[in-house]
Amino acid sequence: MATKKSPAKKSPAKKQQQGDRVYPKGIEVLSSKVSFEGPVFRVVTDEVREPGGQPRRRDVVRHHGSVVIFAVDDSKSKRDPLILLERQYRHAAAQYLYEVPAGSLEPGEDPLAGAKRELLEETGYKAKHWTKLVRYFASPGFLGEWMQIFLAEGLTPGDAQPEEDEQIELFAVPLSELLREIDASRILDAKTIAATLLYDRMRKQRQRAERAAGRG
């Protein structure tokens, strides 16, 4: 049977830094200008020499980053916990969407502090236990925004403090129902789909580990 060769070790690649961004070796930003500046994001037009050697124009939405909160209430049922969902109108999608709580970070804000702030503002809830899950880019073809998902457990309710332009309906939905809605393509928000499936996998891993510990 043929054996796979180990990847050859490569020397560390030199990188180009521009502002707070560091680019891989072979990427050269030839010029950069701000084409639009708004309260939440800005659009930057870059001329970039990418792999292949030809200069390309790239219009990129730059953003400070966002936090996503997957808030779980298992006080009534450990087998089928409740998940906090919001329903709000999203003009870019031209429809109402069901989503987990989320929001933009302030410049320089710690992601965990931002997640606690957003959960309180949008839902009124606080959480005793916070777990950092995955960080990902939402749409890297043109959007520089990254999103950090946090798991929030041990919830206590309170009064929401939404922003003036936020009209949010809050729901507590059983995990099993949320999974069915995803399977039926009735949940269309990517961060909600990713967070739900990630939590469901993690929860099943926890249960298997607990069963194995019980047999040990």
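Start with Glu118. Its relative accessibility is 6%, so Glu118 counts as buried. Buried here means under 20% relative accessible area, exposed means over 50%, and partly exposed lies in between, with a 1.4 Å probe and protein chains only. Glu118 and Arg117 meet through their side chains in a salt bridge, 2.9 Å from N to O. The rule for a salt bridge is a side-chain nitrogen of Lys or Arg within 4 Å of a carboxyl oxygen of Asp or Glu. Arg117 also forms a salt bridge with Glu109, and there the closest N and O atoms are 2.9 Å apart. Arg117 and Glu109 are both buried.

Before I go on, a word on the source. This is a predicted model, in which local features need pLDDT of at least 70, side-chain atom pairs count only at pLDDT 80 or more, and totals for chains, interfaces and linings use all residues. Residues are numbered from 1 along each chain as its sequence is written, and side-chain values use heavy atoms, with hydrogens and water left out.

How many salt bridges does the rule give? The count is 14. One of them joins Arg58 to Glu50, with the closest N and O atoms 2.9 Å apart. Are these two partners buried, exposed or partly exposed? Arg58 has 36% relative accessibility, so Arg58 counts as partly exposed. Glu50 has 25%, so Glu50 is partly exposed too.

Now the sheet. Three strands form an open sheet in the order β3-β4-β5, and the pairing is antiparallel. The edges are β3, residues 28-37, and β5, residues 55-63; each pairs on one side only. From one strand to the next, the twist averages 25°. That angle is taken between N-to-C directions, from 0 to 180 degrees, using axes that are lines fitted to C-alpha atoms, for helices over the stretch in contact. Strands are DSSP runs of E with at least two residues, helices are runs of H or I with at least four, and both are numbered from the N terminus. Two strands pair if DSSP finds at least two bridges between them.

Take the pairs in turn. Eight bridges join β3 to β4. Glu37 has Arg42, in β4, as its bridge partner. A hairpin of three residues links β3 to β4.

Look at the β3-β4 loop, which holds Val40. Val40 has a relative accessible area of 45%, so Val40 is partly exposed. Together, Phe36, Val40 and Phe41 make a nonpolar surface patch of about 260 Å².

Next, Gly108. This residue sits in the loop between β9 (102-104) and α1 (111-123). Its relative accessibility is 87%, so Gly108 counts as exposed. How far is Gly108 from Val72? The two are 36 residues apart in sequence and 27 Å apart in space, C-alpha to C-alpha.

Glu153 lies in strand β11, residues 146-156. At 15% relative accessibility, Glu153 counts as buried. Leaving out residues up to four places away in sequence, Glu153 touches Val72, Ala127, Lys128, His129 and Arg206. Contact means heavy atoms within 4.5 Å.

That is my last stop.

Conventions:
Patches are made of residues with over 30% relative accessible area and no salt bridge: like charges are joined within 9 Å, nonpolar side chains (Val, Leu, Ile, Met, Phe, Trp, Tyr) within 5 Å. Accessible areas come from the Shrake-Rupley method with a 1.4 Å probe; for residues, only the protein chains shown count as cover.
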